[in-house]
Amino acid sequence: ERSVPFRDKAIETAPRPEIEKIQTAALRTQIAQALKTPFYRPRLEEAGLSSPDEIRSLADLSRIPFTSKGDLREAYPFGLLAVPKDQVVRVHASSGTTGTPTVIYLTQKDLDLASDTMARCLTAAGATSGDVVQNMMTYGLFTGGLCFHYGAELLGAMVIPTSAGNTLRQLKFMKDFGTTMVHATPSYLLHLHQAIADEGYSRGDLRLRMAVTGAEPHSEELRLKIQDKLGIEVYNCYGMSEMNGPGVAFECVHRAGMHVWEDRYIAEILDPDTLLPVPEGEIGELVLTILCRDAMPLLRYRTRDLTRFIPEPCACGRTHRRIARFTGRTDDMLIINGVNVFPSQIEEVLLRTKGVGANYFIIVDKDGVLDKLTVQVEITPEMFADDSRVINALRERLKSELQALITINPVLEIKQPGSLPVSEGKAKRVSDLRPKE
Ligand code: ADP
Ligand code: K
Ligand code: ZN
């Protein structure tokens with residue numbers, strides 16, 4: 001039997017009634033913060049929640065209105081800020097945003113708690129201050145870079161912030177620094193495995209023993225494949241920028257579903273149509289309330305991610321409930337190499353460009369182990385009759401505008417007017433050909 005490491009054993013194994021007590025008290029604090037924001041105040045008052053004292057038990061959660069991604073955009077830039085601006089020390093934003101980004105703000109205390117949560121995750125997976133951690137997620141507004149980074153530093157690990165891409169440099173650093181853990185998307189881990197072979201590294205050159213992965217759905221089979229090919233342990237990590245990034249839920253050494261840190265988040269799994277709880281163990285939409293952020297409360301945030309609670313207790317002794325691998329989303333958001341992309345963002349770029357015709361089609365498939373985005377666009381008859389140089393210039397312009405907006409370099413195919421299929425009724429403009437592993 002493997003020993004089970006904890007960062008904060010008392011909290012992580014607290015009896016359910018105690019967890020619920022912590023949640024109720026923290027929820028009151030979050031309501032108090034929310035009442036300070038122009039966005040929530042009128043909404044909470046309308047729901048009869050004009051004071052935090054209205055929350056007497058967790059059952060009162062159901063009185064709180066939901067919050068959506070659209071609400072975050074509506075509140076941009078400061079409608080959800082609950083502290084004076086001079087107390088904010090960090091801003092992050094979600095990948096996959098249309099014109100208006102969805103941003104979060106953190107005070108120093110918020111940031112410290114976020115790092116502590118991440119350090120708790122890494123500890124649960126068996127990482128220690130002796131680990132050399134290479135973070136291959138994108139740094140910048142994206143939380144997978146900095147928020148993971150600070151957690152690994154707090155753990156005391158040696159952190160190498162290589163960020164995403166540049167596989168040859170990744171491999172060199174892995175070898176030279178003796179990297180023991182990497183943080184990357186599942187597709188990048190497969191890519192890395194291939195590169196190790198292609199570049200003539202032998203497994204003995206590397207000290208890699210584990211990987212933390214997330215940002216996109218992946219199957220248990222894919223995890224097993226990566227574990228087998230790289231000879232390492234792979235841990236699933238769930239999060240999103242709205243909830244302080246990675247580490248909302250994380251696997252312990254048993255790797256049998258992700259514990260949601262319930263002293264820091266309230267997790268509900270609801271029927272996306274009725275918005276009522278599904279029976280325990282059944283699949284529904286995960287709705288999260290953050291309990292550890294002063295600068296920006298988010299109450300009953302609809303993640304659109306589909307999962308279920310795993311009702312059985314975990315062998316590690318943690319009492320924080322586990323959620324299963326995600327089975328999809330309730331909206332049309334695509335996740336391409338870990339980056340969130342809405343088809344509407346692509347449409348926006350196409351439709352505002354002169355010369356682009358009425359019809360377009362989006363194809364996502366695999367190019368080796370990575371995802372590939374192809375955008376087919378019809379152009380107008382006038383444009384089609386024009387010089388090929390003009391058409392090429394349009395193609396390049398669309399490519400670079402799309403890349404700037406969604407950070408993914410698409411393949412762009414210009415099509416003759418009327419050549420793309422016209423569907424009856426609601427147009428089907430997206431084809432996701434990636435195998436459902
Ligand atoms: P992240 O850095 O986690 O990708 P984003 O805010 O860019 O943060 O994207 C969040 C979304 O990514 C989630 O709502 C979910 O759809 C997806 N996601 C994140 N982690 C996982 C995971 N481990 N498994 C499946 N999907 C995930
Ligand atoms: K993502
Ligand atoms: Zn466990």
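**Helices α5 and α6**

In this predicted model, first select helix α5 (residues 108–124) together with α6: their axes come within 7 Å and cross at roughly 70 degrees. Angles of 65 to 115 degrees count as roughly perpendicular, so α5 is roughly perpendicular to α6. Viewed for its handedness, the crossing of α5 and α6 is right-handed.

Next, display the side chains where these two helices meet. From α5, select A114, S115, D116, M118, A119, L122 and T123; from α6, select C147, F148, Y150, G151, A152, L154 and L155. Coloured by class, this contact of α5 with α6 shows 10 nonpolar, three polar and one charged residues.

**Helices α8 and α9**

The crossing of α8 and α9 is left-handed.

For the contact itself, select P186, L189, L190 and H193 in α8, which meet L222, I226, K229 and L230 in α9. By class, the residues in the contact of α8 with α9 comprise six nonpolar, one polar and one charged.

**Two points in the backbone**

Two loops deserve a stop with the backbone atoms shown. Begin at Y76 and P77, which are joined by a cis peptide bond with omega of about 0 degrees. The loop that holds P77 runs between α4 (69–74) and β1 (88–93).

Then centre the view on N166. What is the phi of N166? It is positive, about 50 degrees, although N166 is not a glycine. To place N166 in its setting, select the loop between β4 (158–160) and α7 (167–177).

**The two domains**

Return to a view of the whole protein chain and colour it in two parts: domain 1 covers 9–331 and domain 2 covers 342–432. How far apart do the C-alpha centres of domain 1 and domain 2 lie? The separation of these centres is 33 Å. In the contact between the domains, seven residues come from domain 1 and eight residues from domain 2. On the side of domain 1 that touches domain 2, a colouring by class would show one nonpolar, six polar and no charged residues.

**Helices α10 and α12**

For the last stop, select helix α10 (residues 343–351) and helix α12 (residues 388–406). The angle at which they pack is about 145 degrees, with 10 Å between their axes. As α10 passes α12, the crossing is right-handed.

Finally, show the side chains at this contact. On α10, these belong to Q345, I346, V349 and L350; on α12, they belong to L398, E401, L402, L405 and I406. The contact of α10 with α12 divides by class into seven nonpolar, one polar and one charged residues.

Technical notes:
Residues numbered from 1 in each chain as written. Chains lettered and ligands numbered in written order. Predicted model: local features only at pLDDT ≥ 70, side-chain atom pairs only at ≥ 80, totals over all residues. Axes fitted to C-alpha atoms, helices over the stretch in contact; angles between N-to-C directions. Helix = DSSP H or I, 4+ residues; strand = E, 2+ residues; numbered from the N terminus. Left-handed = near helix turned anticlockwise from the far one by under 90°. Nonpolar A, V, L, I, M, F, W, Y, C, P; charged D, E, K, R; others polar. Parallel < 35°, antiparallel > 145°, perpendicular 65-115°, else oblique. Domains from an automatic or database assignment.
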